[in-house]
Amino acid sequence: MLKAIIRFFKALNSNVHPGAIAHAVCLGMILGFMPKTNALWYILTVFFLFVRINKGTFIMFTFLFSLLAPLLDPLFDTMGWWFLNLEKLTPFFSWLLDIPFVAFTKFNNTIVMGSLLFSLAVYIPVYFLVRIFLKYWRAFLAPAVRKSKLVVFLSKLPLIVKIGEMA
């Protein structure tokens, strides 16, 4: 996890494309909000690992959004229940459940469906907010943080230097 944090901060300050970082945050949000006890989570994880994003940022934000997910579970449950009970989609969901192995995705779980819907709904706003944050970080905040007394002190510690070299 420490390597993921170091890679994230290196990516913030390096020449990594802001879109790669923003997509990594958003994809981490999708996986972080979703319960980890279903096949859909594992399928999406494998798929996302083949996408060209900043992997350190992806792993870190998957973990951070996983910590936030229990607080939003009532919202996910409500959204999922509403969507799964739409009358026009009931025959489609019944058809999906008849397909072998599709039930392992637990798409019919209200929290799984609600977290997926919520994540997809806020994907684009979060993407643009991260892009805006990166623009201001690289232009104004990063130089100020680099010059701060705490960062200068920490960067001289041998342990921090070793960890930075390993990442």
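Mentor: Let's start with a term: a helix here is a DSSP run of H or I at least four residues long, with numbering from the N terminus. Keep in mind that this is a predicted model.

Trainee: Got it. Where is Phe 101, then?

Mentor: Phe 101 sits in the loop between helix H5 (90-98) and H6. Its phi is near 70 degrees, which is a positive value in a residue other than glycine.

Trainee: Is Phe 101 buried or exposed, and how do you know?

Mentor: Look at the relative accessible area of Phe 101, which is 66%. The cut-off for exposed is over 50%, so Phe 101 counts as exposed.

Trainee: And what makes Lys 106 partly exposed?

Mentor: Lys 106 has 34% relative accessibility. Buried needs under 20% and exposed needs over 50%, so Lys 106 falls in between and counts as partly exposed. Lys 106 is also in the loop between H5 and H6, and its phi, near 55 degrees, is positive too.

Trainee: On to H3. Which residues of helix H3 are buried?

Mentor: H3 covers residues 39-49, and its buried residues are Leu 40, Trp 41, Leu 44, Thr 45 and Phe 48.

Trainee: Why do you say they line one face of the helix?

Mentor: Look down the axis of H3: the buried residues fall within an arc of 135 degrees, so they line one face. In general, an α-helix has 3.6 residues a turn, so residues three or four places apart point the same way. On the face of H3 turned away from the buried side you'll find the exposed residues Ile 43 and Phe 47.

Trainee: What caps the N-terminal end of H3?

Mentor: That's Asn 38, with a side-chain oxygen 3.1 Å from the backbone nitrogen of Leu 40.

Trainee: Which residues touch the most other members of the largest nonpolar core?

Mentor: The core has 30 residues, and Leu 27, Ile 30, Phe 33, Met 34, Leu 44, Phe 48 and Phe 58 touch the most other members. Helix H2 (18-33), H3, helix H4 (55-84) and H6 each supply at least two residues, and H2 gives the most, with 10.

Trainee: Last one: what makes the nonpolar surface patch?

Mentor: Ile 132, Phe 133, Tyr 136, Phe 140 and Leu 141 make it, and it is about 520 Å². Take Leu 141, in helix H6 (residues 110-147). Patch members need over 30% relative accessible area, and Leu 141, at 39%, counts as partly exposed.

Note on methods: Residues numbered from 1 in each chain as written. Predicted model: local features only at pLDDT ≥ 70, side-chain atom pairs only at ≥ 80, totals over all residues. Heavy atoms only, no water. Buried < 20%, exposed > 50% of the residue type's maximum accessible area, 1.4 Å probe, protein only. Arc of directions from axis to C-beta. Polar contact = N/O pair within 3.5 Å; in protein donor to acceptor, adjacent residues only side chain to side chain. Patch = residues over 30% accessible without salt bridge, like charges linked within 9 Å, V, L, I, M, F, W, Y side chains within 5 Å. Areas by Shrake-Rupley, 256 points an atom, 1.4 Å probe, with all protein chains shown as cover. Salt bridge = Lys/Arg side-chain N within 4 Å of Asp/Glu carboxyl O. Core = buried A, V, L, I, M, F, W, Y, C linked by side-chain atoms within 4.5 Å.
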